[in-house]
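Me: I would like to learn how to read disulfides and helices in a model. Where do we begin?

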Amino acid sequence: MNRLAGVTSPYLLQHADNPVDWWPWAPEAFEEARRRDVPILLSVGYSACHWCHVMAHESFEDHATARYLNEHFVSIKVDREERPDVDAVYMEAVQAATGQGGWPMTVFLTPDAEPFYFGTYFPPAPRHGMPSFPQVLEGVRQAWDTRRDEVAEVAGKIVRDLSQREISHQAAQPPGEQELAQALLGLTREYDPQRGGFGGAPKFPPSMVLEFLLRQHARTGAEGALQMAQDTCERMARGGIYDQLGGGFARYSVDRDWVVPHFEKMLYDNALLCRVYAHLWRATGSDLARRVALETADFLVRELRTEEGGFASALDADSDDGSGRHVEGAYYVWTPERLRAVLGDADGDLAAQYYGVTDEGTFEHGLSVLQLPQQDTLFDARKIASVKERLLDERRQRPAPGRDDKVVAAWNGLAVAALAETGAYFDRPDLIEAALGAADLLVRVHLDEHARLARTSKDGRVGPNAGVLEDYADVAEGFLALASVTGEGVWLDFAGLLLDHVLARFTDPETGALYDTAADAEQLIRRPQDPTDNATPSGWTAAAGALLSYAAHTGSEPHRTAAERALGVVKTLGPRVPRFIGWGLAVAEALLDGPKEIAVVGSDPADERTTALHRKALLGTAPGAVVAMGVAESDEFPLVAGRPLVGGQPAVYVCRHFVCDAPTTDPERLRALLNSH
């Protein structure tokens, strides 16, 4: 019996009709394996994963394979986005054993959840040196039946090895000037000056590293840091990784030149990059940065916002190519002939030149992904706008990629921060309203009466899984951004409730180290703990950032101390692997700068003079600066309480460690105060 019907995960629901007798991750599945004395197949993936769909079609929809699985295994299907803790623990084992990892992740376990054989995608027949999935199943079954002692020994050794991999964190000091300079030097060495970004193919958007570079420039004036950030952002925005028609970024580029994307679009990438481009515009005034920030924000609201006001997790890479086949990238690719069919010969040829569409194709089978290649030709802006609109109209007629409607708390926190700030910078109150809608959903649906977060919801129904550290940290980050933008102190209060859980349930009181799961969470074979930033800020570094901002708002010494202790790991890793702890380095920049505490005080928040000062405060580039706005007699924000007007006029107080410069009523004077270098 397949037990996946009725779950909240769209990924699991995709497997609800498989002939495999799937179980969700639950104690009953392990009890069943003990009762039957069989091993467990653990299959982990996510809704937008191309190869997950391939393996599902080839193997899990195959009745002969399903019969074998049902007879000899208990099969558990896990959505890695709902259970990042389960994914992290077993991915660590896969990587330790094989030197690589990925999804779908295929792991065989004992009934005590101990792993003993690993892999990722297995084909239905032997291919390229890989065994077939049926061969793997037969080999595992034989080992279980005839070499049980050997299996137990391997499983035990793996669990022991994992338990010894706990991070050594002796409450080190946070990084200083020297470590951040070493990190910048390390990034310079790995930078690709011809193409932007870091390292070779595949190339992922280095969102958190870009935030570090922008903050490093803001604090020190380092032109090289700004140049790397600007050039990388321009190359990505001109490449095929960016949707030149509809806005938004794909997950990564399969090549070094940002030309061919892996076409899935993730909420977290677009939230992080929307914020990066908004911050780049704030630092430079770049028209390109402004356009991409706004187009990405509009993509988030148009394509990913759910009826309940939250944001869906992803759009699939695959879609129907018009013949009934699901093909990667089908929604996004073009040929010169198709451009001419939509636009006519003259405009079709113009579009092919403008977007780099060639007869040979830049993707597969003569198809091209739209780009904005650098060229000397001057194009008529109105003509290009008309071409773009007509191509968008045609694309809307194509079968759209599937959408994973699951609302993940952490990623919605990132979206709240990005949309709130982008809306404030560019005078787009509709974006701030979208941020408020998502924040309201998180409070109403994800937060219980004890301020504990649920990881996911779908269709307004809360999921069964507890929030992990990144959920508490990223939602707090979103609420803090919303508090600064709206002047509503309730969001600061909600952030404080979440961060109290971080201190009480996720932090080692002896060392200040952070764990990805709470002390009272389900016990896995190892308590996951990872400070490195991957596709999103790690829970560890995100928590450090939110704790630091909250401390700047409130003066809370325990929160600041916790942030400083957490940043000790950045002192160790920053100079060695700066690409993989970018958000930690960005938070360290804020710590070195203060961060600055900015209080905007007026007699009426709607007064034009107050709003002008508030906007100027938000546009300051000082790393991690916090902004509070309120009326002089209000106690909604600690930073505002007790601060008077100046000569009856709205004023701004710029402070550092609660020591303040003379207040100013002049927006231009405020700009100078907020310039860090």
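Reply: With a definition: a disulfide is a pair of cysteine sulfur atoms within 2.5 Å. In general, a disulfide is a covalent bond between the sulfur atoms of two cysteines. Bear in mind that this model is predicted.

Me: How many disulfides does a search of the whole structure find?

Reply: The search finds 2. In one of them, cysteine 655 is bonded to cysteine 660, with 2.0 Å between the sulfur atoms. The angle about that S-S bond is 95°, and the link is right-handed. The other disulfide joins cysteine 49 to cysteine 52, at 2.3 Å from S to S. Its torsion is about 80°, so this disulfide is right-handed.

Me: Is cysteine 660 buried, partly exposed or exposed?

Reply: Buried means under 20% relative accessible area, and exposed means over 50%. Cysteine 660 has 32%, so it counts as partly exposed.

Me: What span should helix α12 have?

Reply: The expected span is 1.5 Å times one less than the number of residues. Helix α12 has 18 residues, 287-304, so it should span 26 Å; its end C-alpha atoms lie 25 Å apart, which agrees. At its start, a side-chain oxygen of serine 286 comes within 3.3 Å of the backbone nitrogen of leucine 288. The buried residues of α12 include Leu288, Val292 and Phe299.

Key. Residues are numbered from 1 along each chain as its sequence is written. This is a predicted model: local features need pLDDT of at least 70, side-chain atom pairs count only at pLDDT 80 or more; totals for chains, interfaces and linings use all residues. Side-chain values use heavy atoms; hydrogens and water are left out. Helices (H or I, at least four residues) and strands (E, at least two) are DSSP runs, numbered from the N terminus. Buried means under 20% relative accessible area, exposed over 50%, partly exposed in between (1.4 Å probe, protein chains only). A polar contact is a pair of N or O atoms within 3.5 Å; within protein, one must be able to donate a hydrogen and the other to accept it, and residues adjacent in sequence count only if both atoms are side-chain atoms.
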